[in-house]
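Biologist: Before we discuss any contacts, could you show me the model, so that we can read its features one after another?

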Amino acid sequence: MYKHNNNKTALTSQNMISQALFELLETKAFTDISVTEICNKAGVGRKTANIIIGDVYGKPAVVTDTHCIRISNRLGLIPDSSKDPYKVELALSAIVEPAEQAPLCHRFVHFGRDICTARSPKCDRCPLRELCTQVSKDS
C-alpha cells in the first residue's frame with residue numbers, strides 16, 4: 001500500500017480519486033457501469049469498484065477483503081485455498097447467488113471482526129464450527 005509522506009498529500013490524492021469516481025458515476029447510466037471501467041480510474045482497485053457496483057448500483061459484486069478471503073478459505077469455499085483476491089472473487093461468484101453476493105461480503109466482514117479473527121478466532125462461539133477447517137488444525 002502506498003504511504004503518503006504527509007496528510008496534505010494523502011488528502012489531495014483521496015480528493016482526486018473521489019472526484020474522478022464522482023464524475024464517472026454522475027455520467028454513466030445505471031446499466032452501463034462496469035468494474036473494469038471503475039478500475040481504470042487512478043487509485044481505484046477491484047475492491048473499491050466492487051463496493052460501488054454492489055452497494056451503489058445494487059448489482060451482483062463480490063468484495064474480497066481480508067475477512068472474506070480468510071473465512072472463505074477456513075470454510076473450504078475456495079478450492080485451492082487461494083489468498084489472491086481476484087481468484088477468491090471468481091470462486092465466490094460461481095457459488096453464491098448474485099443477489100446474495102454483496103450482502104454475504106458484508107456479513108463476512110462483521111463475522112471476521114467479531115468471531116473469526118485472524119490471530120485468535122473464537123471457535124468456541126462460532127456457529128459454523130462444524131464446517132470450519134481451522135477447528136481441526138487447532139484441536
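Biologist: How exposed is R46, and how should I read such a label?

Modeller: A residue is called buried under 20% relative accessible area, exposed over 50%, and partly exposed in between, using a 1.4 Å probe and protein chains only. R46, at 31% relative accessibility, therefore counts as partly exposed. Keep in mind that this is a predicted model, in which local features need pLDDT of at least 70 and side-chain atom pairs count only at pLDDT 80 or more, while totals for chains, interfaces and linings use all residues. Residues are numbered from 1 along each chain as its sequence is written, and side-chain values use heavy atoms, with hydrogens and water left out.

Biologist: With which residue does the side chain of R46 meet in a salt bridge?

Modeller: Side chains of opposite charge can pair when their charged atoms come close. The term salt bridge is used for a side-chain nitrogen of Lys or Arg within 4 Å of a carboxyl oxygen of Asp or Glu. Here the partner of R46 is E89, at 2.6 Å from N to O. The pair links distant parts of the chain, with R46 in helix α3 and E89 in helix α5, 43 residues apart. E89 is buried, at a relative accessible area of 7%.

Biologist: How many salt bridges does a search of the whole structure find?

Modeller: The search finds 2. R107 also forms one, with E100, and the closest N and O atoms are 3.4 Å apart. R107 is partly exposed at 44%, and E100 is likewise partly exposed, at 37%.

Biologist: Against which helices do the buried residues of α5 pack?

Modeller: Helices are DSSP runs of H or I with at least four residues, strands are runs of E with at least two, and both are numbered from the N terminus. In α5 (residues 85-95), the buried residues are V88, E89, A91 and L92. They pack against α3 (46-56), α4 (66-74) and α6 (101-114), where contact means heavy atoms within 4.5 Å.

Biologist: How many disulfides are found in the whole structure?

Modeller: A disulfide requires a pair of cysteine sulfur atoms within 2.5 Å, and the search finds 0. C116 is in no disulfide, and its nearest cysteine sulfur, that of C132, is 5.8 Å away. The sulfur of C126 is 6.2 Å from the closest cysteine sulfur, also in C132, which is too far for a bond. Both C116, at 8%, and C126, at 18%, are buried.
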